[in-house]
Each structure stands twice: as structure tokens, then as C-alpha cells.
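Dear colleague,

Please find the structure below, handed over for your review.

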Amino acid sequence: MSLKPIYDITAFTALDYPDHLATIFWFAKCNMRCQYCYNKDIVLGDGEITQEQALEFLDSRAGLLEAVVLSGGEATLYDDLLEFCIKIKEKNFKIKLDTNGLNPLLVQLLVENNLVDYIALDYKAPKEKFLTITKNKHFDDFAKTLNFLIAKDFPFEVRTTVHNDLLRVEEINRIIDDLYKRGYRGEYYLQSFLFTDTILSKLKEEKITFEREKLSDKLRVVWRE
Ligand code: SF4
């Protein structure tokens, strides 16, 4: 792991880990370049905080917080995330991982060693549109992570960010079909694109209206606005 893998810490959140009071560690760097990403500074910037500083921060929150969210950027870029999670667990915090799924091996190690309690997995786009949206061609790695979590019956959620001009309802329905075929039966979270001045690309606000009424009902869809 780089000496300073963490870009920033959000001291407190009641929203990011279902039913838990948590802190968020934002890992610098990412192996995707999603057009709608609004964390440009985190994706392109350098880390500022060491593992040790993050662990000291947790010591100061013992008894006040229950959990840590590992977000970013992409936390699974860091090979020694496993050791970091061991140290967090020794302090009796639960761990939620936000991931784009491109490191199935590390996710597998974390799950099989009980080093993560909950995962939010981004399903960025159907395979044929994955490269366009993420600038990364490794859909199959993402799919391995997805298949593994389904087979393990691990507590996790799948979510997609929707920019109406990039992903139409037909494409979201293809994702729903694919999830269903693979055996996923959890809730499927959709979050609307948020236009900010920290967007990674030159993407503008949507021109097309998303036709929610045409969404497939194979899975329960939950919107996070
Ligand atoms: S939205 Fe995409 S580019 Fe931004 S942090 Fe997540 S995976 Fe990386």
C-alpha cells in the first residue's frame, strides 16, 4: 500500500452503512474513469493520510461509532487492504466495502477471512457499454466478484448510477435481467446522477428523461435520489 493511501476521512455518517453509525475512509486513486464520477479530486489526487493515522482516528471514536466504510476511489487497489482490515477488526469495528468489483481475488480473501461485513457493489453498465462508461474493459472481473458474492450468499447490495443520456431504461432492464439470471434476489439500488463542478469528464446535465415506469419488476428497485 502506498504510504498515504487515504485521501480523506468523513468522521461520521448515518447514511452510508445501512443501520450503522460509521466513519468513511476515502481511498485515493481508481482503476476506472466513470464519466459521471464526481470524486475527481479523490480519483486523480494523492492520499494524505497513513493507515496508522486512520487507525488512531478509530481509537478516538471507540464507543461512538460501530463501523468503517472503505470507499474512494477504489480501496481494492491496495494489496495490503487485507492487513488494514485485520487491524480495524481488532478494534471491533464492522467494515463495509464500496467497490467497483475489479479485484475479485481480494474481495474473495476479505469475505473468506471474515474481514468485511457488507459490500456495496457497483454494476456500472451492461457489458457492451462498460468500456464507454468506465473507460475500463474488465467487465469479466466485475462479473467474477458478482458471481462470487451471489454464490456465497454474502450480505451485499448492487447499485448503478443513472445518467439518463448514458444509460436508458432498456439498458437498466438488461442489468436487471442479468442479475436475475445470475441468481441475485436482493434489492437493486439506482442513484440519479448528481451534477457538480467536480465531475471527472465533460458530462453535462441530462437531456433525456428516464422512463421509470418502464423498469422491469423482476427485482425490487430502490431509488436513492
Ligand atoms: S465513480 Fe468510477 S471513477 Fe469514480 S471512484 Fe467510483 S469507480 Fe472510480
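Among contacts in the chain between residues at least 6 apart in sequence, 77% join residues at least 24 apart; two residues are in contact if their C-beta atoms, placed from the backbone, lie within 7 Å. This is a predicted model, in which local features need pLDDT of at least 70 and side-chain atom pairs count only at pLDDT 80 or more, while totals for chains, interfaces and linings use all residues. Residues are numbered from 1 along each chain as its sequence is written.

The chain holds seven helices and eight strands (DSSP runs, numbered from the N terminus: H or I of at least four residues for helices, E of at least two for strands). Its C-alpha trace spans about 50 × 40 × 30 Å along the principal axes. Of the 225 residues, 36% count as buried, that is, with 20 or more other C-beta atoms within 10 Å of their own, C-beta atoms being placed from the backbone.

Helix α4 (residues 104-112) packs with helix α6 (residues 139-152) at an angle of about 20°, their axes lying 9 Å apart (axes are lines fitted to C-alpha atoms over the stretch in contact, and angles run from 0 to 180 degrees between N-to-C directions). The two are therefore roughly parallel, the term for angles under 35 degrees. On the α4 side the contact is made by Pro104, Val107, Gln108 and Val111, and on the α6 side by Asp141, Lys144, Thr145, Phe148 and Lys152.

Yours sincerely

Terms used
Angles under 35 degrees count as roughly parallel, over 145 as roughly antiparallel, 65 to 115 as roughly perpendicular and the rest as oblique. A residue is buried if 20 or more other C-beta atoms lie within 10 Å of its own, exposed if 12 or fewer, and partly exposed in between; C-beta atoms are placed from the backbone.
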